[in-house]
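Work through the exercises below with the structure open beside you. Try each task before reading its solution.

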Amino acid sequence: MSVQEVKKKAPRDNGAPDHKLNLHPLMLKNYGKWKYYEKVRTGVLKRVAESGDVLYVVRAGSPRTMSVNVIRKICDIADKYCQGFLRFTSRANVEFLVGNEKDVKPLIKAVEKELGFPVGGTGASISNILHTQGWLHCNLPGTDAAGSVKALMDELYKDFVKEKLPNRLKISTSCCSINCGGQADIAINVQHHHPPRVDDKGVGVCEHPKVVAICPVAAIRPTTADGRPSLEVVPEKCMYCGACHGQCPSMEIRDAKTDTLSIWIGGKAASTRKGPSFMKLAVWGLPNNAPRWPEVGEAVKTIVEAYRKGGKPYERLGEWVERIGWKRFFEITGFPFTKYHIDDFKNARATLNTSTHVRL
Amino acid sequence: MSDAKKKPESIKTPLLDELTTGQWPSFVSDLKNLSHTKPQVGQLLGQLEQSYEDRWNYWQGTVLNVDGYGGGVIARYSELSERFPDIAQFHTVRIIPPPGWVYSTKSLRQLCDIWEKHGAGIMQLHGMTGDILLLGTDNVTTFDAAEELMEAGWDLGGSGGALRTPACCVGDAYCESSCFDTMGITKYLTDRFISQLHRPEFPYKYKFKVSGCANDCACSIQRSDMPIIGTWKGPMQIDQKEVGKFIKEHGADYVVNNVITRCPTQAITLKGSKEIKVDNDNCVRCMHCINVMHKALRPGKQRGATILVGGKRTLKIGDTMSSMIVPFMPLETEEDWEKLGDLVEKIWEFWGENGMEHERVGEFIERVGLATFLEGIGLKPLPEMVIHPRTNPYIKFEELAPGRMGGEPHKRPSVVDKEIETFEKAE
């Protein structure tokens, strides 16, 4: 079919595929009528319905980026043990849905042997790392995504397959300061250190008013270069966020020589206990050291070990730090507290200690 | 271009090869295998290797639309196309997944077959938006693939200033904490607003994420413009026999240290040595005690959802958390779902009319104030919407201001009516 013919037929506006056609028969039968669950082992939950039906959910970590060959292998295993049904989680784990208890062990063996995927990622473990596209397929990244996740999960593997932390620990990575990776207990984000370099020639094709308007600190203004309209950046105002770079590729924010990585901790989405929280800066200035980012791995492990030792049961990383205080956190981990840890953006004063509370 | 398409020398990737060892499954090994049947994947790895070496990116982003759609294809052009001609155009197609990311192997195999035929055979399950991502088509095969996918019943996902593909937790499908049909609502919202998803007409993106309870497995509160989170009215369900068993098994000190003292509103007390008592009027439905004692405690029977609005990640004003606009809304019947959809339409109308270019709804609320926003969408202010009343004393009371000397009535100047950013609207 020619491109012209295809174009005539669109749009179809099909909408979302019907989940009911994609549900395991036991999920469909007991939809909305589940009673409780039991943890069989890390990565395996036994779900019991009010009808008495039992469904075993076996969770395995995937690399997220997969060939059709691997996905077909996943399907082969699901056909053999799961009546042809499976599910993915928001963190790119595969969940195999097993109706017969006797199929659980052979399934785990098949997942580990045939796919090479580890079983785990439930409860008080480190689940799969949320990540973006990076150098593999994004147009804005300062670092890679799938590669840094692979390197980091190799380091954290034992905490994926065994629940040995006070509570769940979620990690995300982002490849630029737009931070698509999202909030997490631990997040690794790119930090730029210069205002964008304006390419006067290339900037001509961008919509100047949009580029000016997108700057959160009003640092971009129109100018002329060689008699043609261009843009300039007021360096004192610019905070190196890169918002303009997304709008116009000729506002180059990245710099391979100087971009670094920072680690942020204490984000949490659940409303449990005191509610959701945003993450805070813990460590900055780590090198963007492909292919294995060893300095980042070391820093993350330092934080994980401190949390493992100090956290109370059910306490998330951010809750632990809040309980013991940031002073103790920096003491225990050995990371320096610097002037850059003090907020200077919106609502910064609300982050200052306005009491006499100190741990002396 | 075909002149440059000579067979490339075998591509060496020493840096990427370091990612083929270790216990975690390696995407590099997988893609290397794929490159035997899909040579463009070998070139993709070649470009990635160059990025690893230079710490630099070689993709340019642009727009490519299937006719009738304003998004759904993420077009990429390689800056190294002379060396890697097969990835000169290498686009991603976003596809709406079944709600809750549930699949029959039949559906998944169909995706694999179509993508192997037209694309590079690389899939990501799933993108950060929740879409199925299919990588590796050019300016012709993108249309062929889209056509075959749509014929088979799939549809393109959202991108740009549009409704993005809604996402949800597993909900009623196997979770006992779920307070409503998250998958059903997600399908309903996707289908009702499919036009807004495919044809960008908003100031900027709008995301729904749907979680069946306050554990918020869809991360909706920080990652969506409109989180829909399950909750309940009235007392939670307590099975005192199971409570007794739990106390016997774990000890009273465990229950005190990990349940009772962790309740954010101190709504739980021990009653004797075998039971607990819950002050349901003061329970804020945070889910902690239910998570710990999930056999003994369950959400109440009168279930529904809390609706919040305005969450997003950093750019441009810093992270914003979503905030409450409807404390409780039943979501049992089609009629309830329609009411939710109607509220969405009111928000889009007000924000669409008054929002600035690239302004998310949370940024819009920050600029005009929640009170103005509520007036605009026809909701009454409620104490549940704030942590506490204002501390700033400078207020424009409309009711208490007498007419001016000339007798003209006092009117609070509107913060949204004034003409702003007129150049944005010029064609």
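This is a predicted model: local features need pLDDT of at least 70, side-chain atom pairs count only at pLDDT 80 or more; totals for chains, interfaces and linings use all residues.

**Exercise 1. Chain B as a whole**

Task: Describe chain B by its helices and strands, its box and its buried share.

Solution: 
- Step 1. Count the elements. Chain B has 15 helices and 15 strands.
- Step 2. The C-alpha atoms of chain B fill roughly 75 × 75 × 40 Å.
- Step 3. Take the buried share. Chain B has 427 residues, and 57% of them count as buried.
- Step 4. Look at the contacts between residues at least 6 apart in sequence. In chain B, 64% of these join residues at least 24 apart.

**Exercise 2. The span of a helix**

Task: What should helix 12 of chain B span at 1.5 Å a residue, and how far apart are its end C-alpha atoms?

Solution: 
- Step 1. Find the helix. Helix 12 of chain B runs over residues 334–354, which is 21 residues.
- Step 2. Work out the expected span. The rule is 1.5 Å times one less than the number of residues. For helix 12 of chain B this gives 30 Å.
- Step 3. Compare. The end C-alpha atoms are 30 Å apart, which agrees.
- Step 4. Look at the buried residues of helix 12 of chain B. Among them are W337(B), W348(B), F350(B) and W351(B). D336(B) and N354(B) are buried in this helix too.

**Exercise 3. An arginine in a loop**

Task: Is R360(B) buried or exposed, and which residues does R360(B) touch?

Solution: 
- Step 1. R360(B) lies in the loop between helix 12 and helix 13 (361–368) of chain B.
- Step 2. Check the accessibility. The relative accessible area of R360(B) is 7%, so R360(B) is buried. The cut-off is under 20%.
- Step 3. List the neighbours, leaving out residues up to four places away in sequence. R360(B) touches Y204(B), K205(B), K207(B), D225(B), G311(B), K312(B) and W351(B).
- Step 4. Find a polar partner. The side chains of R360(B) and D225(B) are joined by a polar contact of 2.8 Å.

**Exercise 4. A glutamate in a helix**

Task: Where is E49(B), and what does E49(B) touch?

Solution: 
- Step 1. E49(B) sits in helix 3 (residues 39–54) of chain B.
- Step 2. With a relative accessible area of 4%, E49(B) is buried.
- Step 3. Leave out residues up to four places away in sequence. E49(B) then touches K12(B), T13(B), P14(B), L15(B) and L16(B).
- Step 4. Take one of these, L15(B). E49(B) and L15(B) are 34 residues apart along the chain, but their C-alpha atoms are separated by 6.5 Å.

**Exercise 5. The contact between the chains**

Task: How many residues does each chain give to the contact, and what area is buried between chain A and chain B?

Solution: 
- Step 1. Count the residues. Chain A gives 128 and chain B gives 119.
- Step 2. Take the area. About 10800 Å² is buried between chain A and chain B, and carbon and sulfur atoms give 59% of this.
- Step 3. Find the residues of chain A that lose the most area to chain B. They are W135(A), H137(A) and K150(A), together 7% of what that side buries.
- Step 4. Count the pairs. Chain A and chain B share 12 salt bridges and 67 residue pairs in polar contact.
- Step 5. Sort the chain A side by type. The residues that touch chain B divide into 62 nonpolar, 36 polar and 30 charged.
- Step 6. Name a pair. R72(A) and E116(B) meet in a salt bridge, 2.9 Å from N to O.

**Exercise 6. Charged pairs within chain A**

Task: How many salt bridges are there over all chains, and which residue forms one with D53(A)?

Solution: 
- Step 1. The count over all chains is 47 salt bridges.
- Step 2. D53(A) pairs with K29(A), the closest N and O atoms being 2.7 Å apart.
- Step 3. D53(A) is in the loop between strand 2 (44–49) and strand 3 (54–61) of chain A, and K29(A) is in helix 2 (residues 25–29), 24 residues apart.
- Step 4. Check accessibility. D53(A) is buried at 16%, whereas K29(A) is exposed at 54%.
- Step 5. R308(A) and E305(A) form a salt bridge of 2.8 Å, N to O. They are 3 residues apart in helix 8 (residues 294–310) of chain A, so about one helical turn separates them.
- Step 6. Follow the shared partners. Salt bridges join K158(A), D159(A), E305(A) and R308(A) into one network.

Key:
Residues are numbered from 1 along each chain as its sequence is written. Chains are lettered from A and ligands numbered from 1 in the order in which they are written. Side-chain values use heavy atoms; hydrogens and water are left out. Helices (H or I, at least four residues) and strands (E, at least two) are DSSP runs, numbered from the N terminus. Buried means under 20% relative accessible area, exposed over 50%, partly exposed in between (1.4 Å probe, protein chains only). Contact means heavy atoms within 4.5 Å. Buried area is the accessible area (1.4 Å probe) that two parts lose on being put together, summed over both. A salt bridge is a side-chain nitrogen of Lys or Arg within 4 Å of a carboxyl oxygen of Asp or Glu. A polar contact is a pair of N or O atoms within 3.5 Å; within protein, one must be able to donate a hydrogen and the other to accept it, and residues adjacent in sequence count only if both atoms are side-chain atoms. Ala, Val, Leu, Ile, Met, Phe, Trp, Tyr, Cys and Pro count as nonpolar, Asp, Glu, Lys and Arg as charged, and the others, Gly among them, as polar.
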